[in-house]
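Student: I would like to learn how to read a protein model step by step. Could you take me through the features in turn?

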Amino acid sequence: KPNLLFYKNLRNIKFHFDLMHGDGNLDKAIELIDNKDKHDFNDFVNSKVSFNPHNMFLCKSSKILNDYYSSLFPWLEKCEKLFGFQLEGYGLKRIYGFLAERYMSFWFRKYTNFSTMPIIVNDISEIN
């Protein structure tokens with residue numbers, strides 16, 4: 001439904017995920033998150049319009065890193081049981097990475113004093 005792209009109130013993280021990675025899959029995955037984060041993560045994907053892609057972050061604290069991974073990987077294991085591994089198409093084959101991207105943005109905003117930095121790319125192919 002191309003006309004959905006024209007409704008600004010629909011454009012959020014959830015809308016993008018549904019469009020690119022299967023309608024309703026994010027909702028199914030959110031149902032599997034621990035109760036302490038379920039409501040807040042659902043709020044995040046329905047109210048925010050941007051996230052930090054590529055699962056890239058720097059973290060000085062091993063405690064924060066351990067807390068994040070202790071939250072992320074059990075959730076992804078539950079998602080694996082739900083969605084399985086016989087997934088077709090780029091948007092579904094990599095669904096676990098795409099879920100992790102959204103969750104990372106949410107988790108670090110909720111549990112840490114974070115800052116963001118731009119990713120700068122320098123095309124060196126033109127340099128002789």
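Tutor: We will go from the overall fold to surface, charges and backbone. This is a predicted model, in which local features need pLDDT of at least 70 and side-chain atom pairs count only at pLDDT 80 or more, while totals for chains, interfaces and linings use all residues. Residues are numbered from 1 along each chain as its sequence is written, and side-chain values use heavy atoms, with hydrogens and water left out.

Student: How many helices and strands does the protein chain have?

Tutor: Helices (H or I, at least four residues) and strands (E, at least two) are DSSP runs, numbered from the N terminus. Here the protein chain has six helices and zero strands, which gives the pattern α-α-α-α-α-α when read along the sequence. Along its principal axes, the C-alpha trace spans about 50 × 40 × 35 Å.

Student: What share of the contacts in the protein chain comes from residues 24 or more positions apart?

Tutor: A contact means heavy atoms within 4.5 Å. Among contacts with a separation of 6 or more, residues 24 or more positions apart account for 70%.

Student: What percentage of the residues count as buried, and which residues make a nonpolar surface patch?

Tutor: Buried means under 20% relative accessible area, exposed over 50%, and partly exposed in between (1.4 Å probe, protein chains only). Of the 128 residues of the protein chain, 33% count as buried. For areas, the Shrake-Rupley method is used with a 1.4 Å probe, and for residues only the protein chains shown count as cover; the chain exposes about 9,100 Å², of which carbon and sulfur atoms supply 56%. Patches are made of residues with over 30% relative accessible area and no salt bridge, like charges being joined within 9 Å and nonpolar side chains (Val, Leu, Ile, Met, Phe, Trp, Tyr) within 5 Å. Met56, Ile119 and Val121 make a nonpolar patch of about 350 Å², and Met56 is found in the loop between helix H3 (35-47) and helix H4 (62-83).

Student: How many salt bridges are there, and where do Asp37 and Lys110 lie?

Tutor: A salt bridge is a side-chain nitrogen of Lys or Arg within 4 Å of a carboxyl oxygen of Asp or Glu, and by this rule the count comes to seven. Asp37 forms one with Lys110, the closest N and O atoms being 2.9 Å apart. Asp37 lies in helix H3 and Lys110 in helix H6 (residues 95-111), so the pair ties together parts that are 73 residues apart in sequence. Asp37 is buried, with a relative accessible area of 0%, whereas Lys110 is partly exposed at 32%.

Student: What separates Lys14 and Asp18 in helix H1?

Tutor: Lys14 and Asp18 are four residues apart in helix H1 (residues 13-21), which means that about one helical turn separates them. Their salt bridge brings the closest N and O atoms to 2.5 Å, and both partners are buried, Lys14 with a relative accessible area of 15% and Asp18 with 13%.

Student: Which residues have a positive phi although they are not glycine?

Tutor: Among them are His54, with a phi of about 80°, and Asn55, with a phi of about 50°. His54 has its place in the loop between H3 and H4, and Asn55 also lies in the loop between H3 and H4, where Asn55 is partly exposed, with a relative accessible area of 32%.
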